[in-house]
Amino acid sequence: FTRLSTVLGIQQHNGRKSYIMYHGTTLQNALRIMNEGFSPSYDGMLGPGVYVTRSFEKASHYPVRSNGERLAVLKLVVRVGKVKRIDYQGHPLQKTWFRFGYDTAWVPPNCGMVNSGLEENCVYDPRRITVLEVIPNNRFW
């Protein structure tokens, strides 16, 4: 792959695209994920799966409610596989994309689906995700 691809966080593994992505959580959950792997959400804006983003800034705002717990952002490598673009609310495959052979659902930036305007991804199979690092998140608000 090119240098520009590396700068953008794109990697190539056996001809398959991988991206550096992030997932915000509590420090306790981050340590559990390191040891046991991700447990997919049962539902969400894009249905079941693990929600990740290429934006560290966005990931650092999660979880929204931490009840005073210490927070962390997981730095990940995600093998995205076959990706379905979901770019408007009410998309016919918004919550069912995985039933049609897609591995990841992607909400592009500034499409109106996410208040922050930042992109979001939902990965159906957590085995596509490798944790690289646990980054302490010292946000206070």
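Select Ala105, which has its place in strand S6, residues 104–107; strands (E, at least two residues) and helices (H or I, at least four) are DSSP runs, numbered from the N terminus. This is a predicted model, in which local features need pLDDT of at least 70, side-chain atom pairs count only at pLDDT 80 or more, and totals for chains, interfaces and linings use all residues. Residues are numbered from 1 along each chain as its sequence is written, and side-chain values use heavy atoms, with hydrogens and water left out.

**Around Ala105.** Ala105 is buried, at 0% relative accessibility; buried means under 20% relative accessible area, exposed over 50%, and partly exposed in between (1.4 Å probe, protein chains only). Now display the residues that Ala105 touches, leaving aside those up to four places away in sequence: Leu46, Lys84, Ile86, Trp97, Glu120, Asn121 and Cys122. A contact here means heavy atoms within 4.5 Å. Gln94 lies 11 residues from Ala105 along the chain, and their C-alpha atoms are separated by 8.1 Å.

**The cysteines.** Select Cys122 next: this residue is buried, with a relative accessible area of 0%. Cys111, by comparison, is partly exposed at 25%. A search of the whole structure finds 0 disulfides, a disulfide being a pair of cysteine sulfur atoms within 2.5 Å.

**The largest pocket.** Select His23, Gly24, Ser41, Tyr51 and Tyr62, which lie nearest the centre of the largest pocket among its 24 lining residues. Strand S2 (16–26), helix H2 (27–36), strand S3 (50–52) and helix H3 (56–59) each give two or more residues to this lining. The largest share, 5 residues, comes from S2. A pocket is an open set of points on a 1 Å grid over the protein atoms alone, where a 1.4 Å probe fits, with protein on both sides within 12 Å along at least five of seven lines; lining residues have an atom within 4 Å of a point.

**The whole chain.** Zoom out to see 3 helices and 8 strands, which run α-β-β-α-β-α-β-β-β-β-β from the N terminus on. Of the 141 residues in the protein, 46% are buried. Among contacts between residues at least 6 apart in sequence, 69% join residues at least 24 apart.

**Confidence.** Finally, colour by pLDDT, the predictor's confidence in each residue from 0 to 100. The protein averages 88, and 87% of the residues score at least 70. Over residues 1–8, pLDDT stays under 50, and the model has 4 contacts beyond four places in sequence for them. Residues 10–15 also stay under 50, with 13 such contacts.
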